[in-house]
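Student: I've got a protein model open and I'd like to work through its helices and charged pairs. Can we look at it together?

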Amino acid sequence: KSGPGHMEFNVKRLAADAGTFLSRAVQFTEEKLGQAEKTELDAHLENLLSRAESTKHWTERIMKQTEVLLQPNPNVRIEEFLYEKLEKKAPTRLNNHEQLGQSMIDAGNEYGPGTAYGNALVKCGETQKQIGSAEREFMQSTATNFLTPFRNFLEGDFKTILKERKLLQNKRLDLDAAKTRLKKARMADARAVAEQELRVTQSEFDRQAEITRLLLEGISSSHAHHLRCLNDFVEAQTTYYAQCYQYMVDLQKQLGSFPSTFSSNNNQSSTSTAASISVPTISTSAALPSPASGMGSPGFSGSRRARVLYDYDAAGSSELSLLADEVITVRSVPGMDSDWLMGERGNQKGKVPITYLELLN
């Protein structure tokens with residue numbers, strides 16, 4: 001609508017809004033200077049506000065660290081963020097496992113898949129690409145079932161809470177300003193107007209406090225929802241790592257068919273095979289060049305002499321520190337972990353890791 005009456009209404013409304021803003025500003029300033037009293041929120045409402053702020057803080061923190069977990073490269077994260085804001089699909093790129101796998105496959109094909117090394121490279125490359133595919137599925141599941149609900153909370157429910165909390169703050173300033181005007185009123189008519197204004201502002205403040213309280217109590221429902229999302233994340237992560245482990249077990253079994261694959265530094269074949277794997281542990285023969293080959297099972301009888309391959313710093317009083325190239329005496333002890341032997345050097349004695357030793361004849 002237009003016309004003189006409508007324009008006059010808008011002017012009056014603007015003047016009223018300006019007056020309200022000025023009144024709130026004066027009240028806020030006087031409170032900061034200690035020249036005006038401030039209505040305190042009840043303890044329950046304060047606790048709810050504190051819990052909401054804590055929820056916001058940790059939700060943002062968990063989201064950020066999860067994004068770092070899924071994509072460690074900050075430049076790529078920024079690029080993906082820009083594509084998301086522009087509502088465009090980010091270009092598909094190979095992840096690190098897929099890139100490594102492709103390089104292994106290309107190298108294996110060039111060496112010749114008929115050779116032991118070339119064949120092993122191809123098989124390793126195929127497994128790395130499988131792990132890359134599993135990682136991609138894990139990332140997608142986490143983004144959909146974990147990150148998106150957290151982001152929706154921050155951009156939806158919590159923004160509503162912030163809006164209503166700001167409105168509550170304004171209603172509180174209006175209430176305290178009305179109390180101040182009532183204290184300053186001297187004439188009967190002025191006091192009557194101030195008392196009426198105080199009743200109105202008190203009612204509006206109480207109503208807004210109740211609205212804010214109900215929204216803040218809804219944080220409990222958000223926590224319950226986030227708990228379900230956390231369970232989804234754990235399930236996705238469990239599936240991902242189980243897949244990776246199974247892929248690697250299968251790969252070790254395949255590589256075990258090539259005797260030269262895990263040959264030791266003295267050309268002796270490792271006695272450990274992938275077929276013996278029953279728990280997700282890393283085979284020492286695959287991780288190192290079988291330095292203790294020829295030792296057989298750590299349960300050999302009697303004492304043997306062994307050469308130390310690498311320096312080793314004892315982690316406790318029960319262990320023996322080692323220096324590379326020194327020769328010590330070792331023996332097995334019933335009940336000791338299979339990765340350790342009892343070492344002796346003169347009067348010194350302690351546990352030593354078998355991966356640091358080469359048994360001498």
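Tutor: Helices (H or I, at least four residues) are DSSP runs, numbered from the N terminus. This is a predicted model, where local features need pLDDT of at least 70, side-chain atom pairs count only at pLDDT 80 or more, and totals for chains, interfaces and linings use all residues. Residues are numbered from 1 along each chain as its sequence is written, and side-chain values use heavy atoms, with hydrogens and water left out.

Student: How far apart are the end C-alpha atoms of α7?

Tutor: Helix α7 has 37 residues, and at 1.5 Å a residue they should span 54 Å. The model agrees with that, because the end C-alpha atoms are apart by 53 Å.

Student: Is L230 buried, partly exposed or exposed?

Tutor: L230 sits in helix α7, residues 219–255. Buried means under 20% relative accessible area, exposed over 50%, and partly exposed in between (1.4 Å probe, protein chains only). L230 has a relative accessible area of 39%, so the word for L230 is partly exposed.

Student: Which helices do R165 and E53 lie in?

Tutor: A salt bridge is a side-chain nitrogen of Lys or Arg within 4 Å of a carboxyl oxygen of Asp or Glu. R165 and E53 form one, with their closest N and O atoms 2.7 Å apart. The pair ties together parts that are 112 residues apart in sequence, so look in two helices: R165 is in α5 (residues 116–184) and E53 is in α2 (residues 43–70).

Student: What helix do E60 and K56 both lie in?

Tutor: These two form a salt bridge as well, the closest N and O atoms being 3.3 Å apart. An α-helix has 3.6 residues a turn, so residues three or four places apart point the same way. E60 and K56 are four residues apart, about one turn, and both lie in helix α2.

Student: Is K171 buried or exposed?

Tutor: K171 and E204 meet through their side chains in a salt bridge, 3.4 Å from N to O. K171 lies in helix α5 and E204 in helix α6 (residues 188–217), so this pair ties together parts 33 residues apart in sequence. E204 is partly exposed at 34% relative accessibility. K171 has 19% relative accessibility, so K171 counts as buried.

Technical notes:
Expected span 1.5 Å × (residues − 1).
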